[in-house]
Amino acid sequence: MEFSYMFYGFYNNTLVEDQNFSYNLPLAYLFTAVFYFAFCFICIIARSVPALLLSSLLLLLLLIDILQMCGCVQLNEMSRMPFKSLSGEFSHPDPRLFLDRLLSHRMGSAARVAVATGGSAVGNYSMIVFASWDYGCLGDKATKLKQKNIRYQLQVDLEEEQLKKKAASQTLNQKIILYSLRISMFLLANGFIIAALYGIFEATNFSQERSRQAGILGLLFEYLPSIVITAGNFVVPLLCDQIASIERYGPSTTVIIALLRSVILRLVSLVVLLLTLWRQVTCNGDISSDDCKLCQYNHKLYPCWETRVGQEMYRLTLFDLLISIAVLVLVEFPRRILVDSWSSKLAQWVGRQEFVVSSNVLGLVYSQTVVWTGALFCPLLPLISSLKFIIFFYCKKITLFYNCRPASKTFRSTTSTFFFVAVLLIGWALATAVMVYSLAEIHPSLSCGPFRFFPYMWVIVPNSFYALSKTTQEFLFFIGSQAFSIPLFLFFCVVLCYFIALCSVHGKSVALLRDQITLEGRDKQFLVKQIQALSR
Amino acid sequence: ELTFLTKQEILAHKRFTELLSKEERELPNTRLPMEKILTLPELKSNPFRKRICHVFSTSEENDGSLTFEDFLDLLSAFSDSATLEIKSHYAFRIFFDDDGTLDCGDLEKLVNCLTGETDETRLTEAEMGQLINNILEESDIDKDGTVNLSEFQHVISRSPDFVSFKIVL
């Protein structure tokens, strides 16, 4: 498969020229890769930023509305109407509520959840108790599940409050013991992660040395880094969960720390893999060593190094898919059949597989980062990964509905949406760094690929730049020059200052409105007491 | 287009008459006892089912029995097009226990309904006390120890459309 359009090595250093048509293959290849990265970045930003912006605006509107309702609430309290007469009570007009409802219908559930659960400042417990029951729940199972969720949510909130109170009232001795325990567990967790990374490093070296063997053993050696990475991603979070039970943080802090450790493990393992490959391609960065002196890369080991890197990324993607399907078929289906048909205590204790949202999402983010890293070296990899994700989606959907029970610990969707978008952006930044480094620093292979005779891949851009017409060149020079870029930079600074000022004004008005609400409450209390005094 | 009745009303009548026995169908304005209403699948596993029947019932004996008009009232309050005020009004009536406001006892019963009706699914005494204190601190604006209708509506107005208060046949 090396000799197909799949990998970098097959593309030729061609320049097709016809009467009205010219196609510069190296330039096209470069621009396609760069455009793919920019397009993905714009997609991520376009999906996540509007929801966050709109949610802050809606919070402001709702607070204004509460204030208006407080004003009308005083009148209703004093009149004390009997409850059957519905006509009198619902008299005040509601343009604000209508606007809120209109906005919330447009915005979608993510923003609505952000407002409803955003900030533990105002009315969290009351909201859960009064407004969270779903009257459309049909059937015993759904009802029990909803009840379990609500109970878990309340228990988590109450436990956190208790922990905060207890932490504030600990003696110095207890605090020292707790912190030293936490530090030692932190070091232990980091030790596990570093051990996993070292394993990946050794496995990659081993695999690249033995990669030319034939048969099943050769295949096994080729896939060794993928196997080690997958094993590490499975084992280390289990160990970290055990460590977390010793550390005794509050429930949501535990979840956040576990997520952070998973993310660091996955992304840094990818970085280690790439660094190991880089070491071998560029002879430890030492260009003047024997192997690398001739072509400035290790041409004995890697006649076409870009193809090898692309192959490694392709193997990671494929192995990920195979392992997921294998786990589904070999572990989850039998587990469910076992638990359902064998009703001993052990089977009930093991139970059906739990569907944990966070580790699945992190797996997706990791796969996408792998695809981005390999996009420059294996141009068809995004297409393959799209197919992979479609298959993956349907497999996970089937296993979710047939094999899994819902997680007993519900997930706060607001902070976690922001968290997963942030991790996705970090993955994207990592892949972009790899791409920029490969474009600008490493010498392309001399025996394959579209950039055969260039010292660096990026050189094609200045070369074709000088082939453009004179006016275009002057225009582009002007844009790049200081006379244009400094005013542009100043303009962006002004726009940024405007948005920062707007944000702080909104924040201040939110705080002001909250104070006003408490003041209104006190006014109402005073007026009610006066009425009682007057009616005697 | 053939009648002024909506599809919902026709379906409601069909479901209501299914619960009546043959003789009762002939009589106008029959009253269904609460046990028969509670066999409807939409209400069967709802922890608030008995309170819902009591709230919408217009019988003098206060036994939770519903005529067809009461049944329609119930469906219209729980429908999509009911306004937030109507929904919060009825939700408040479902939660309190005939003394006009939600005091500690009502709140405790409400939380027990929400978390499950068996003993192992309840919150502990300490947790319940802490929860009720927090709720009163957050929603009791006039600090009289109870949550009245206006304070309740104040809390509900923060959830944009109280969308979960809905029963569809």
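Lys165(A) and Glu161(A) both lie in helix α6 (residues 140–168) of chain A, four residues apart, about one turn of the helix. Helices are DSSP runs of H or I, at least four residues, numbered from the N terminus. In this predicted model, local features need pLDDT of at least 70 and side-chain atom pairs count only at pLDDT 80 or more. Residues are numbered from 1 along each chain as its sequence is written. The side chains of Lys165(A) and Glu161(A) form a salt bridge at 4.0 Å, N to O. A salt bridge is a side-chain nitrogen of Lys or Arg within 4 Å of a carboxyl oxygen of Asp or Glu. Lys165(A) is partly exposed, at 49% relative accessible area. Buried means under 20%, exposed over 50%, partly exposed in between (1.4 Å probe, protein chains only).

The count is three salt bridges over all chains. Arg315(A) pairs with Glu312(A) at 3.4 Å, N to O. These two residues sit three apart in helix α11 (residues 305–341) of chain A. Both Arg315(A) and Glu312(A) are buried. Lys388(A) and Asp320(A) also meet in a salt bridge, at 3.1 Å, N to O. This pair links distant parts of the chain: Lys388(A) is in helix α14 (residues 381–403) and Asp320(A) in helix α11, 68 residues apart. Lys388(A) is buried, with a relative accessible area of 4%.

No disulfides (cysteine sulfur atoms within 2.5 Å) are found over all chains. For Cys493(A), the nearest cysteine sulfur is that of Cys497(A), 6.6 Å away. Cys493(A) is partly exposed, at 31% relative accessibility.

How values were computed: Chains are lettered from A and ligands numbered from 1 in the order in which they are written. Side-chain values use heavy atoms; hydrogens and water are left out.
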